[in-house]
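Visitor: Please take me through the salt bridges of this model. I would like a close look at one part, then its surroundings.

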Amino acid sequence: MVVDRSGTVRALNEAARALFPAAGFGRPAAGTIADWLAEAHQRGSDEVARGEVGERAFAAHPVPHGEAVTWWLIDETETRSAREALAREQERTAFLSDASAALLGSLNLDRCMEVAARLAAQHLADAALVLAPTTGATFPAVSCVRGGEPTRTRLEIDPDELPGLGEALQGFPPVPSRWLDPGAAPSWVLPEGFGPVGSIVVTPLPGHGVPAGALVLLRRGDRASFSDSEELFARLFAARAGAAMSAARVFALQASITDTLMRELLPPTLEQLGGVEYAGRYRPARDGERIGGDFYDVHSAITAEGEESLAVLGDVCGKGLDAAVLTGKIRTTLRALLPMADDHHRLLDLLNRTLGDNADARYVTLVLASARREGATVRLRVTCAGHPPPLIVRADGRVEEVDSQGSLIGVLPEIESTTAEITLHPGETCLLYTDGIVEAKGGPLGDAMFGEERLEQAVAECANMPADAVVERVQMLASQWIGRGSHDDMAVLAITAPRGQHLAAVGGHGRGRYTA
Amino acid sequence: MTTGLTCTWTTPEDATAAVTISGDLEFATAGTLLRLVTERLAGHPGVRDVRLDCGELGFCDSSGLSELMKVHRVVVEAGARLHLDNRQPALDRLLLRTGTAVYLTGEAADTRARRDS
């Protein structure tokens, strides 16, 4: 179509005539062709103009030549709708990716449900209700109205009142969302003051093999109902929300299993037993893990004769949960073997047979220390099984190594062991430790081991200290040595002959009488 | 001190394998020595003696000792004998403390090594 400067149509081809039936040679363009095109011509525009003619969309390309402009009209209805669809898809993809990030940002199920309800209410509907499956009578639910905050509730309901919801909650494979008669919806589906409902869609939230829940989308009466593509989109969203919720459920389950295991595997709190002071400290290799390959226990006397208690400190080779599980096994076995505690070698031999034959050469090294109070002193029988010998701190600050030696437990067909007998006088301590202490790497350059000498020096300063102060000091010095470096599990256990306590009647100052 | 671990396998004679260990045997390096010995032994069925040269072995912790025991097991199962040569005092102390010297090296205890397998 050629239009001259005065706005008069100079030429029309077949197609242009069909498009603008009113236009013709010599007639003014304004009023006979599309307004947007007439305006673009008026402006003398040399850029592409776009607009609609009837139901179709066109791009008009101007080619000026002298006194007139030729407008080439190109039908781009298809292109435009494709472009719009692309933009819509891009927007949805961006939303889904944002939604995934938000949903997976938390491994807490409640939080996850809140995020899902909020996103669904904002982007998919006017209000959303997220329900999780339950083992009890009430369903955990979160509802959210567009623009509002999600509210958490527990619904005491029969989910079958809303068709499709019961199946969705039982984890049946995702079925197409169901169209429902809004009038038939039970009142608990609607948020308070929501007004008349226009349409409802129930979508299952598929999980990893376990039902993750269901999503109910609500639209108000005056809004358009869900289109096919919107419904598909809702299902895409539901898949993501379901995956996140089921991950959160699985995580919660595992966390509770770990918690239960941990409670059993944690080292015990030690105190005075049969007139002997005990104290222990434990620091696992990986900070944040409370359990590992080192362990200690103190068992009260169960043999008939006397008040002899048995302290055990050991080290399973390896780290983390694997080591912790073996540790649990060994502690349980030792408990069962307590009646044999009067003969350390026999006990170790039985333990060795119980643990033997494991395929991955896992072994344990340990120290057994039987302690019995005799007057003011404590009589000890100590046996090392492949373990660094304990240190004895005498009241005058001398440090001795316990003279006992034996094979490690769990790999060798036969074991050997010798038992040492020691007497602790008041204020003296026998310190059992694992090699994590002496092998702790650190120091000024970060590459030196804490070593036996430094340990002996530290222990020497602990003469006449209560057991708790001794282990605290040793653990503290080793931790300071390590700084931020890595380390193995570290455990220490102190057995101390208590110093007499001042009688309250004497006032606790000056020389007084000691109680035994 | 943390130098990692390098293990080298050579067979100076048909029936003897020499493995030099250079570095630390510890939790972080666990598996290296065992993999090497297992793989090479499978390719040299004629080997009757595996000599670990421990002269360059730095630090050996409980995981390292566990590794040596696994190597021992593999060597014995292949019908060969394990030797720990050039042991440094620290390694000797560890073997003594844990009562594993005789078991691992088979020195002066052939009868016992046979009984294990």
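Guide: This is a predicted model. Start with A:Glu472 and A:Arg281, whose side chains meet in a salt bridge, at 2.8 Å from N to O. A:Glu472 sits in helix 11 (residues 467–482) of chain A, and A:Arg281 sits in strand 12 (residues 277–283) of chain A, so this pair ties together parts that are 191 residues apart in sequence. A:Glu472 is partly exposed, with a relative accessible area of 40%. A:Arg281 also counts as partly exposed, at 21% relative accessibility; the cut-off for buried is under 20%.

Next comes a network. A:Arg394, A:Asp396, A:Arg398, A:Glu400 and A:Glu428 are joined into one by salt bridges that share partners.

Now turn to helix 4. A salt bridge links the side chains of A:Arg152 and A:Asp110, 3.3 Å from N to O. A:Arg152 belongs to strand 8 (residues 151–155) of chain A and A:Asp110 to helix 4 (residues 109–123) of chain A, so the bridge ties together parts 42 residues apart in sequence. A:Asp110 is partly exposed, its relative accessible area being 30%.

Another salt bridge pairs A:Arg111 with A:Glu114, and here the closest N and O atoms are 3.4 Å apart. Both residues lie in helix 4 of chain A, three residues apart, so about one helical turn separates them.

As for the total, the count comes to 27 salt bridges over all chains.

How values were computed: Residues are numbered from 1 along each chain as its sequence is written. Chains are lettered from A and ligands numbered from 1 in the order in which they are written. This is a predicted model: local features need pLDDT of at least 70, side-chain atom pairs count only at pLDDT 80 or more; totals for chains, interfaces and linings use all residues. Side-chain values use heavy atoms; hydrogens and water are left out. A salt bridge is a side-chain nitrogen of Lys or Arg within 4 Å of a carboxyl oxygen of Asp or Glu. Helices (H or I, at least four residues) and strands (E, at least two) are DSSP runs, numbered from the N terminus. Buried means under 20% relative accessible area, exposed over 50%, partly exposed in between (1.4 Å probe, protein chains only).
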